[in-house]
Amino acid sequence: MFFTIPTILTWTRIVAIPLIVGVFYLGLPLPVQNLVATVMFVAFALTDWLDGFLARKLNQTSSFGAFLDPVADKFLVCASLLVLVHLGRAHVFVALIIIGREIAISALREWMAQIGASRSVAVHMLGKVKTTVQMVAIPFLLFDGVLFGAIDTRLWGQWLIWAAAILTVWSMVYYLRKALPEIRKRVR
């Protein structure tokens, strides 16, 4: 199941990372760079939904795909956040919160899987809301302009990325609390 259609879509998110970052080094006018990076991010982010849909529809789910999908998502988000910090559109503290949580929860999930307790840290609606908010905030911040003559994407993106940071901490606390009984069993 290494090269199924859903897995290839997942790989495209990983391949997208240097493309999105590279847009800002092409020497194009900044509004063009912003638009191209935004369109690319949205298109590649949509493959996250599409690969899951196709995997189920085509009966091509696999443990490799289940592993690669969240890795690709995290790479795409983390790389985009680093670009936004570099451009001065996101605060480094927000990036540290979001990236740090991704590392911590990934490690927690891996450990919980090793001890046979992965259900305690299964994806929860709070994590999905956090992901949705950050997946709206990032393209708003990449665009960095006025959309439809009315929406200041930098302002909305700033609010949303801080909301994502708060939801990030909240979801991390939620997952840690769910895992705490298993953690206590193992450290005694």
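Colleague: Before we start, what counts as a contact here?

Modeller: Contact means heavy atoms within 4.5 Å. Keep in mind that this is a predicted model.

Colleague: Fine. Which residues does Thr168 contact, leaving aside its neighbours within four places in sequence?

Modeller: Thr168 is in contact with Ile97, Ile98, Arg101, Lys130 and Gln134, once those neighbours are set aside.

Colleague: And where does Thr168 sit? Buried or exposed?

Modeller: Thr168 is in helix α6, residues 153-187. Its relative accessible area is 1%. Buried means under 20%, so Thr168 is buried.

Colleague: What about Met40, buried or exposed?

Modeller: Met40 belongs to helix α2, residues 30-57. Met40 is buried, at 17% relative accessible area.

Colleague: What does Met40 touch?

Modeller: Not counting residues up to four places away in sequence, Met40 touches Leu19, Ile20 and Val23. Take Ala16 too: Met40 and Ala16 are 24 residues apart in sequence, and their C-alpha atoms are 7.7 Å apart in space.

Colleague: New topic. How do helices α1 and α3 cross?

Modeller: The axes of α1 (residues 5-23) and α3 (residues 63-86) come within 9 Å and cross at roughly 15°. Angles under 35 degrees count as roughly parallel, so α1 is roughly parallel to α3. The crossing is left-handed.

Colleague: Which residues of α1 and α3 make that contact?

Modeller: From α1, they include Trp11, Ile14, Ile17 and Ile20. From α3, they include Phe64, Leu68, Phe75 and Leu76.

Colleague: How many of the residues in that contact are nonpolar, polar and charged?

Modeller: The contact of α1 with α3 has 12 nonpolar, 2 polar and 3 charged residues.

Colleague: Where does UniProt place the "transmembrane region" feature?

Modeller: The unreviewed UniProt entry places it at residues 74-99, 133-151 and 157-176. In the model, residues 74-99 are 81% helix and 0% strand, with end C-alpha atoms 8 Å apart. Residues 133-151 are 58% helix and 16% strand, and there the end C-alpha atoms are 16 Å apart.

Colleague: Last one, backbone. What is phi at Asn59, and what is it at Asp144?

Modeller: Asn59 has a positive phi of about 55°, although it is not a glycine. Asp144, also a residue other than glycine, has a positive phi near 50°.

Colleague: Where are Asn59 and Asp144?

Modeller: Asn59 lies in the loop between α2 and α3. Asn59 is exposed, with 63% relative accessible area. Asp144 is in the loop between α5 (125-143) and β1 (146-147). At 21% relative accessibility, Asp144 counts as partly exposed.

How values were computed
Residues numbered from 1 in each chain as written. Predicted model: local features only at pLDDT ≥ 70, side-chain atom pairs only at ≥ 80, totals over all residues. Heavy atoms only, no water. Axes fitted to C-alpha atoms, helices over the stretch in contact; angles between N-to-C directions. Helix = DSSP H or I, 4+ residues; strand = E, 2+ residues; numbered from the N terminus. Parallel < 35°, antiparallel > 145°, perpendicular 65-115°, else oblique. Left-handed = near helix turned anticlockwise from the far one by under 90°. Nonpolar A, V, L, I, M, F, W, Y, C, P; charged D, E, K, R; others polar. UniProt positions renumbered as here; feature names shortened; annotations may be inferred. Buried < 20%, exposed > 50% of the residue type's maximum accessible area, 1.4 Å probe, protein only.
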